Amino acid sequence: MPRPLWTGAISFGLVTIPVKIVSATEDRDVHFHRVHLTDMGRVRTRKVCELDDQVVSQDEIGKGYEIAKDQTVPVADEELEQMPLPTAKAIEIAAFVDADTIDPVRISDSYYLAADGQVAAKPYTLLRKALERSSKVAVAKFAWHGRERLGLLRIREGAIVLHSMKWPDEVRNTADVAVPRDVEVGEEEIEQALQLSEQMTIEDLSGFRDEYREALENIIAAKSEGKPLPSPAGEEKQGKGEVVDLMAALNASVKAAKESRGEDGEDATVHEMRPSKKTSRKTTAKKAATSKSTAAKKTTASKKTAGKKAASKRRSAS
């Protein structure tokens, strides 16, 4: 099991469940050192006091809060640990809510809660089964890294998961974002977008992989072995702000999605593009001219046929 990050207990009414917090995810990123390019020596960050310009060691560094210019109040770690909070060593369940009422924007890091010892086995299982049989999740409060946080408890593959959550006032209003307003989208476009989403629907995400990390590892391997670097993949160029035919793009996307799933893409286009008014007028005029020309040709042909028949009759009579 991964090294525990926190040890405490879940407080569920009068029920106490000793648990350990372990990270539910792991960092798989490729990390770099900062180096001096001339001789490849490591470049370190020195912690220097700005008043006496002296390098200070870690045990000489503490926390301080600036309450005014040139006035800082020191705060010791021991003082933070002794704050009178009921959540200092407990994940206190405060309420239960329907799972679909939680805004995903508020969910942050995820942790597994492991039962801490045999005494925790039965109450841990009790809470797990209660959550499994309902459509609800538990909302809890807990202290973490020097502050009280809001958490969400749910079940994943038989384990209780703790999601750290943002407080309501930590989520920005969408009014602060440049969201397009009053843009008209046709029903046919929406239906085609829905058809595209259906074609792109999958049930398992395990096939996704970090292609950037793989490419980076290939570059590092090539450089370490003195081999040429992998050739860059070709990039499709599209002008910034280029105006595209939305329905044509959707139709093409649906067709490509069908072909990628091994389906026949011939019937992917379900929308006939409406011509513009100018095109409509030109097409109508062209059709009218064609119609008149065809009628004139038919009339001329009819007259010629009638003349030939009359001449034939006269020759027969004589």
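Which residue with a positive phi follows helix 5? That residue is G262, with a phi near 80°. The model is predicted: local features need pLDDT of at least 70, side-chain atom pairs count only at pLDDT 80 or more, and totals for chains, interfaces and linings use all residues. Residues are numbered from 1 along each chain as its sequence is written, and side-chain values use heavy atoms, leaving out hydrogens and water.

**Confidence**
- The average pLDDT (the predictor's confidence in each residue, from 0 to 100) is 79 for the chain, and 77% of the residues score at least 70.
- Residues 267–289 have a pLDDT below 50; beyond near neighbours in sequence, this stretch has 18 contacts (heavy atoms within 4.5 Å) in the model.
- Where pLDDT is low, the predicted coordinates should not be read in detail.

- Strands (E, at least two residues) and helices (H or I, at least four) are DSSP runs, numbered from the N terminus.
- Six of the seven residues of strand 11 (residues 159–165) are buried, that is, under 20% relative accessible area with a 1.4 Å probe, protein chains only.
- Strand 8 (residues 107–115) runs antiparallel to strand 11 and is joined to it by five bridges; S110 stands opposite H163.
- Strand 10 (residues 147–156) is also antiparallel to strand 11, with seven bridges, and I155 has I160 as its bridge partner.
- Two residues separate strands 10 and 11 in a hairpin, where E157 in the turn has a positive phi of about 50°.

**Helix 5**
- M247, L250, N251, V254, A257 and K258 are buried in helix 5.
- Seen down the helix axis, the buried residues fall within an arc of 130° (taken from the directions from the axis to the C-beta atoms), so they line one face of helix 5.
- These buried residues pack against helix 3 (187–199).

Conventions. Buried means under 20% relative accessible area, exposed over 50%, partly exposed in between (1.4 Å probe, protein chains only). Two strands pair if DSSP finds at least two bridges between them.
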